[in-house]
Amino acid sequence: MTAEPRQVLLLAHPARPEALEVAIGVAERLSAEGIQVRLPAGELADTVLGQHPEVVVHDGEDPAAGVELVVVLGGDGTILRGAEVARGSGAPLLGVNLGHVGFLAEAEREDVDATVDHIVRRAYIVEERMALDVVATRDGQEIARSWALNEVTVEKASRERMLVLTVEIDGRPLSTWGCDGVVMATPTGSTAYAFSAGGPVVWPGVEAMLVVPISAHALFARPLVVAPTSDLAVELVPGTEGHGVLWCDGRRAVDLPPGTRVEVSRSKESVRLARLSRSPFADRLVAKFDLSVHGWRGRRGSA
(Lines give C-alpha, C1' and ligand atoms only; values in the text may rest on other atoms or scores of the structure.)
Protein backbone atom coordinates (compact mmCIF):
# COMPACT_ATOMS: atom_id res chain seq x y z
CA MET A 1 0.00 0.00 0.00
CA THR A 2 1.37 3.41 -0.99
CA ALA A 3 1.65 5.88 1.87
CA GLU A 4 -0.19 9.16 1.58
CA PRO A 5 2.17 12.02 0.70
CA ARG A 6 2.97 14.57 3.35
CA GLN A 7 1.01 17.80 2.80
CA VAL A 8 1.62 21.39 3.85
CA LEU A 9 -0.77 24.30 3.36
CA LEU A 10 1.05 27.42 2.20
CA LEU A 11 -0.28 30.96 2.65
CA ALA A 12 1.20 34.29 1.59
CA HIS A 13 -0.03 37.82 1.00
CA PRO A 14 -1.44 37.72 -2.56
CA ALA A 15 -0.60 41.38 -3.27
CA ARG A 16 3.03 41.28 -2.17
CA PRO A 17 5.45 40.19 -4.92
CA GLU A 18 8.18 39.44 -2.37
CA ALA A 19 5.89 37.08 -0.46
CA LEU A 20 4.92 35.25 -3.65
CA GLU A 21 8.56 34.96 -4.70
CA VAL A 22 9.55 33.48 -1.34
CA ALA A 23 6.51 31.18 -1.42
CA ILE A 24 7.51 29.79 -4.81
CA GLY A 25 10.97 28.98 -3.49
CA VAL A 26 9.48 27.26 -0.43
CA ALA A 27 7.06 25.28 -2.61
CA GLU A 28 9.84 24.09 -4.90
CA ARG A 29 12.04 22.96 -2.03
CA LEU A 30 9.23 21.15 -0.20
CA SER A 31 8.09 19.47 -3.40
CA ALA A 32 11.64 18.29 -4.07
CA GLU A 33 11.51 16.56 -0.67
CA GLY A 34 8.30 14.78 -1.55
CA ILE A 35 6.00 17.09 0.42
CA GLN A 36 2.87 18.19 -1.43
CA VAL A 37 2.19 21.92 -1.23
CA ARG A 38 -1.44 22.98 -1.08
CA LEU A 39 -3.00 26.41 -1.61
CA PRO A 40 -6.50 27.49 -0.62
CA ALA A 41 -8.83 28.49 -3.43
CA GLY A 42 -9.27 32.25 -3.76
CA GLU A 43 -6.91 35.13 -4.29
CA LEU A 44 -3.72 33.07 -4.10
CA ALA A 45 -4.96 30.66 -6.75
CA ASP A 46 -4.98 33.50 -9.29
CA THR A 47 -1.36 34.52 -8.66
CA VAL A 48 1.89 33.22 -10.12
CA LEU A 49 2.08 30.98 -7.07
CA GLY A 50 -1.29 29.45 -7.83
CA GLN A 51 -0.20 28.72 -11.40
CA HIS A 52 3.05 27.06 -10.36
CA PRO A 53 3.29 23.33 -11.24
CA GLU A 54 4.56 22.44 -7.75
CA VAL A 55 1.39 23.49 -5.94
CA VAL A 56 -2.12 22.07 -5.75
CA VAL A 57 -5.11 24.39 -5.32
CA HIS A 58 -7.63 23.01 -2.84
CA ASP A 59 -11.22 23.82 -3.80
CA GLY A 60 -12.88 22.42 -0.66
CA GLU A 61 -14.31 24.37 2.25
CA ASP A 62 -11.54 23.28 4.65
CA PRO A 63 -8.17 23.70 2.90
CA ALA A 64 -6.23 22.79 6.07
CA ALA A 65 -7.92 19.41 6.49
CA GLY A 66 -5.37 16.60 6.52
CA VAL A 67 -2.24 18.77 6.32
CA GLU A 68 0.54 18.43 8.88
CA LEU A 69 1.39 22.13 8.96
CA VAL A 70 0.07 25.53 7.85
CA VAL A 71 3.01 27.68 6.74
CA VAL A 72 2.39 31.43 6.51
CA LEU A 73 4.74 33.90 4.81
CA GLY A 74 3.99 37.49 5.81
CA GLY A 75 3.35 39.82 8.72
CA ASP A 76 1.09 39.34 11.71
CA GLY A 77 -2.03 40.15 9.67
CA THR A 78 -1.31 37.33 7.24
CA ILE A 79 -0.48 34.99 10.12
CA LEU A 80 -3.81 35.82 11.78
CA ARG A 81 -5.47 34.97 8.46
CA GLY A 82 -3.59 31.67 8.64
CA ALA A 83 -5.00 31.06 12.12
CA GLU A 84 -8.51 31.45 10.68
CA VAL A 85 -7.77 28.89 7.98
CA ALA A 86 -6.09 26.45 10.37
CA ARG A 87 -8.77 26.67 13.07
CA GLY A 88 -10.53 23.37 13.59
CA SER A 89 -8.05 21.33 11.55
CA GLY A 90 -5.61 20.52 14.34
CA ALA A 91 -2.72 21.58 12.08
CA PRO A 92 -0.14 23.81 13.78
CA LEU A 93 0.68 27.23 12.34
CA LEU A 94 4.23 28.24 11.41
CA GLY A 95 4.83 31.88 10.51
CA VAL A 96 7.79 33.35 8.63
CA ASN A 97 7.94 37.12 9.07
CA LEU A 98 8.04 39.25 5.93
CA GLY A 99 6.48 42.26 7.64
CA HIS A 100 7.66 44.59 10.40
CA VAL A 101 7.62 43.34 14.00
CA GLY A 102 5.97 40.00 13.22
CA PHE A 103 5.47 38.93 16.82
CA LEU A 104 3.48 35.83 15.84
CA ALA A 105 6.17 34.67 13.41
CA GLU A 106 8.64 31.98 14.37
CA ALA A 107 11.30 32.84 11.78
CA GLU A 108 12.52 35.82 9.76
CA ARG A 109 12.99 36.26 6.01
CA GLU A 110 16.67 35.29 6.16
CA ASP A 111 15.76 32.04 7.96
CA VAL A 112 13.58 30.61 5.18
CA ASP A 113 16.03 27.89 4.09
CA ALA A 114 16.58 26.72 7.66
CA THR A 115 12.81 26.80 8.25
CA VAL A 116 12.23 24.50 5.27
CA ASP A 117 14.84 22.12 6.68
CA HIS A 118 12.95 22.04 9.99
CA ILE A 119 9.70 21.28 8.18
CA VAL A 120 11.28 18.45 6.17
CA ARG A 121 12.74 16.90 9.33
CA ARG A 122 9.61 17.62 11.39
CA ALA A 123 12.01 19.40 13.74
CA TYR A 124 9.53 21.64 15.51
CA ILE A 125 7.54 21.64 18.72
CA VAL A 126 3.93 22.71 19.11
CA GLU A 127 2.59 25.22 21.64
CA GLU A 128 -1.07 25.49 22.54
CA ARG A 129 -2.22 29.12 22.75
CA MET A 130 -5.53 30.08 24.29
CA ALA A 131 -8.13 31.83 22.16
CA LEU A 132 -11.29 33.79 22.97
CA ASP A 133 -14.91 33.15 22.04
CA VAL A 134 -17.21 36.15 21.68
CA VAL A 135 -20.98 36.50 21.37
CA ALA A 136 -22.84 39.79 20.84
CA THR A 137 -26.55 40.09 21.64
CA ARG A 138 -29.16 42.84 21.63
CA ASP A 139 -32.60 42.53 23.23
CA GLY A 140 -31.83 38.86 23.82
CA GLN A 141 -31.14 38.18 20.13
CA GLU A 142 -27.73 37.05 18.94
CA ILE A 143 -26.26 39.42 16.36
CA ALA A 144 -22.72 38.07 16.07
CA ARG A 145 -20.54 35.15 17.13
CA SER A 146 -16.81 34.84 16.49
CA TRP A 147 -13.41 34.13 18.08
CA ALA A 148 -9.95 35.67 18.37
CA LEU A 149 -6.35 34.60 18.93
CA ASN A 150 -5.04 38.05 19.93
CA GLU A 151 -7.91 40.19 21.10
CA VAL A 152 -11.57 41.14 21.00
CA THR A 153 -12.13 44.90 21.02
CA VAL A 154 -15.20 47.06 21.37
CA GLU A 155 -14.42 50.47 19.89
CA LYS A 156 -16.27 53.66 19.10
CA ALA A 157 -17.61 53.82 15.56
CA SER A 158 -17.09 57.53 14.99
CA ARG A 159 -14.29 59.83 16.02
CA GLU A 160 -16.50 62.59 17.39
CA ARG A 161 -18.49 60.45 19.86
CA MET A 162 -17.08 58.38 22.68
CA LEU A 163 -18.60 55.14 23.89
CA VAL A 164 -20.32 54.77 27.22
CA LEU A 165 -20.00 51.17 28.32
CA THR A 166 -20.11 49.05 31.45
CA VAL A 167 -17.54 46.33 32.04
CA GLU A 168 -18.72 43.18 33.79
CA ILE A 169 -16.51 40.41 35.20
CA ASP A 170 -17.91 37.07 36.36
CA GLY A 171 -21.46 38.35 36.33
CA ARG A 172 -20.81 41.47 38.39
CA PRO A 173 -20.51 45.07 37.12
CA LEU A 174 -17.06 46.59 37.59
CA SER A 175 -17.20 50.13 36.19
CA THR A 176 -18.87 52.32 33.60
CA TRP A 177 -16.50 54.19 31.33
CA GLY A 178 -16.80 56.96 28.81
CA CYS A 179 -14.01 55.86 26.50
CA ASP A 180 -12.77 55.09 23.02
CA GLY A 181 -13.22 51.39 23.69
CA VAL A 182 -11.89 48.37 25.54
CA VAL A 183 -9.51 45.56 24.57
CA MET A 184 -9.99 42.01 25.87
CA ALA A 185 -6.87 40.06 25.05
CA THR A 186 -5.06 36.76 25.47
CA PRO A 187 -1.42 36.49 26.57
CA THR A 188 -0.56 36.05 22.88
CA GLY A 189 -2.32 39.33 22.16
CA SER A 190 -0.66 41.17 25.05
CA THR A 191 2.09 42.35 22.67
CA ALA A 192 -0.42 43.58 20.06
CA TYR A 193 -3.27 46.10 20.46
CA ALA A 194 -3.42 45.65 24.25
CA PHE A 195 0.24 46.66 24.49
CA SER A 196 -0.39 49.80 22.42
CA ALA A 197 -3.30 50.68 24.73
CA GLY A 198 -1.05 50.49 27.80
CA GLY A 199 -1.56 46.90 28.89
CA PRO A 200 1.12 44.64 30.37
CA VAL A 201 3.18 42.09 28.46
CA VAL A 202 2.13 38.61 29.58
CA TRP A 203 4.36 35.58 29.10
CA PRO A 204 2.74 32.88 26.89
CA GLY A 205 2.95 30.33 29.72
CA VAL A 206 0.63 32.43 31.88
CA GLU A 207 -3.04 31.58 31.55
CA ALA A 208 -5.00 34.81 31.89
CA MET A 209 -7.15 37.33 30.07
CA LEU A 210 -6.52 41.06 29.88
CA VAL A 211 -9.02 43.91 30.04
CA VAL A 212 -7.46 47.16 28.83
CA PRO A 213 -9.50 50.39 28.49
CA ILE A 214 -8.77 52.72 25.60
CA SER A 215 -8.63 56.42 26.60
CA ALA A 216 -11.16 56.01 29.39
CA HIS A 217 -12.41 59.13 31.20
CA ALA A 218 -12.63 57.56 34.66
CA LEU A 219 -10.69 57.43 37.91
CA PHE A 220 -10.57 53.62 37.89
CA ALA A 221 -9.45 52.73 34.39
CA ARG A 222 -6.41 50.53 34.86
CA PRO A 223 -5.53 47.45 32.82
CA LEU A 224 -6.78 44.29 34.50
CA VAL A 225 -5.41 40.75 34.47
CA VAL A 226 -8.19 38.25 35.22
CA ALA A 227 -8.44 34.48 35.51
CA PRO A 228 -8.67 32.43 32.29
CA THR A 229 -11.93 30.99 33.65
CA SER A 230 -13.51 34.42 34.03
CA ASP A 231 -16.49 35.50 31.97
CA LEU A 232 -16.14 39.03 30.60
CA ALA A 233 -18.92 41.22 29.29
CA VAL A 234 -19.19 44.73 27.91
CA GLU A 235 -22.54 46.49 27.65
CA LEU A 236 -23.02 49.59 25.51
CA VAL A 237 -25.22 51.69 27.78
CA PRO A 238 -28.68 52.09 26.19
CA GLY A 239 -29.97 55.58 25.58
CA THR A 240 -26.56 56.94 24.63
CA GLU A 241 -25.68 58.10 21.12
CA GLY A 242 -22.33 56.40 20.70
CA HIS A 243 -22.35 53.38 18.39
CA GLY A 244 -19.58 50.81 18.62
CA VAL A 245 -17.76 48.29 16.48
CA LEU A 246 -16.77 44.79 17.55
CA TRP A 247 -13.40 43.71 16.14
CA CYS A 248 -11.88 40.25 16.37
CA ASP A 249 -8.12 40.26 15.79
CA GLY A 250 -8.57 43.49 13.84
CA ARG A 251 -9.96 41.46 10.93
CA ARG A 252 -13.66 40.75 11.48
CA ALA A 253 -15.98 43.65 12.34
CA VAL A 254 -19.61 43.94 13.46
CA ASP A 255 -21.55 47.16 14.13
CA LEU A 256 -22.84 47.53 17.70
CA PRO A 257 -25.76 49.86 18.48
CA PRO A 258 -26.36 51.11 22.06
CA GLY A 259 -27.89 48.37 24.20
CA THR A 260 -25.64 45.66 22.76
CA ARG A 261 -24.03 43.17 25.12
CA VAL A 262 -20.71 41.55 24.18
CA GLU A 263 -19.68 38.43 26.11
CA VAL A 264 -16.12 37.07 25.98
CA SER A 265 -14.74 33.86 27.45
CA ARG A 266 -11.90 31.44 26.93
CA SER A 267 -12.42 29.26 23.87
CA LYS A 268 -12.45 25.49 24.25
CA GLU A 269 -10.44 25.34 21.04
CA SER A 270 -6.85 26.57 21.26
CA VAL A 271 -4.57 27.68 18.43
CA ARG A 272 -1.54 25.49 17.81
CA LEU A 273 1.70 27.33 16.98
CA ALA A 274 4.79 25.53 15.66
CA ARG A 275 8.04 26.57 17.32
CA LEU A 276 11.48 25.92 15.89
CA SER A 277 13.33 26.36 19.17
CA ARG A 278 12.73 26.65 22.89
CA SER A 279 14.35 30.08 23.18
CA PRO A 280 13.07 32.13 26.15
CA PHE A 281 10.26 34.62 25.62
CA ALA A 282 12.53 37.35 26.97
CA ASP A 283 14.84 36.83 23.98
CA ARG A 284 11.88 37.28 21.65
CA LEU A 285 10.92 40.55 23.34
CA VAL A 286 14.49 41.85 23.05
CA ALA A 287 14.69 40.91 19.36
CA LYS A 288 11.25 42.08 18.27
CA PHE A 289 11.29 45.39 20.18
CA ASP A 290 15.02 45.98 19.69
CA LEU A 291 15.47 46.43 23.43
CA SER A 292 18.81 47.51 24.86
CA VAL A 293 20.43 44.99 27.19
CA HIS A 294 23.75 46.84 27.32
CA GLY A 295 25.61 46.16 30.57
CA TRP A 296 23.97 42.81 31.28
CA ARG A 297 26.42 40.27 32.66
CA GLY A 298 24.15 37.46 33.80
CA ARG A 299 24.99 34.76 36.30
CA ARG A 300 28.64 34.00 36.83
CA GLY A 301 29.68 31.29 34.42
CA SER A 302 26.53 31.58 32.26
CA ALA A 303 26.88 31.54 28.46
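UniProt positions are given in the numbering used here, feature names are shortened, and annotations may be inferred rather than shown by experiment. The model is predicted: local features need pLDDT of at least 70, side-chain atom pairs count only at pLDDT 80 or more, and totals for chains, interfaces and linings use all residues. Residues are numbered from 1 along each chain as its sequence is written, and side-chain values use heavy atoms, without hydrogens and water.

**View 1. The annotated residue D76.** An unreviewed UniProt entry lists D76 under "active site". D76 lies in helix α2 (residues 76-86); helices are DSSP runs of H or I with at least four residues, strands are E runs of at least two, and both are numbered from the N terminus. D76 counts as partly exposed because its relative accessibility is 25% (buried is under 20%, exposed over 50%, partly exposed in between; 1.4 Å probe, protein chains only).

**View 2. Surroundings of D76.** Beyond neighbours within four places in sequence, D76 contacts G102, F103, L104 and A105 (contact: heavy atoms within 4.5 Å). The D76 side chain comes to 3.1 Å from the backbone nitrogen of F103.

**View 3. The largest nonpolar core.** This core has 50 residues; a nonpolar core is a set of buried Ala, Val, Leu, Ile, Met, Phe, Trp, Tyr and Cys residues joined through side-chain atoms within 4.5 Å. Elements supplying at least two residues each include β1 (6-12), β4 (69-74) and α2, while the largest share, eight residues, comes from α1.

**View 4. L10 and its contacts.** L10 is among the residues with the most contacts inside the largest core. Outside four places in sequence, its contacts include V26, V37, L39, V71 and L73.

Conventions
A polar contact is a pair of N or O atoms within 3.5 Å; within protein, one must be able to donate a hydrogen and the other to accept it, and residues adjacent in sequence count only if both atoms are side-chain atoms.
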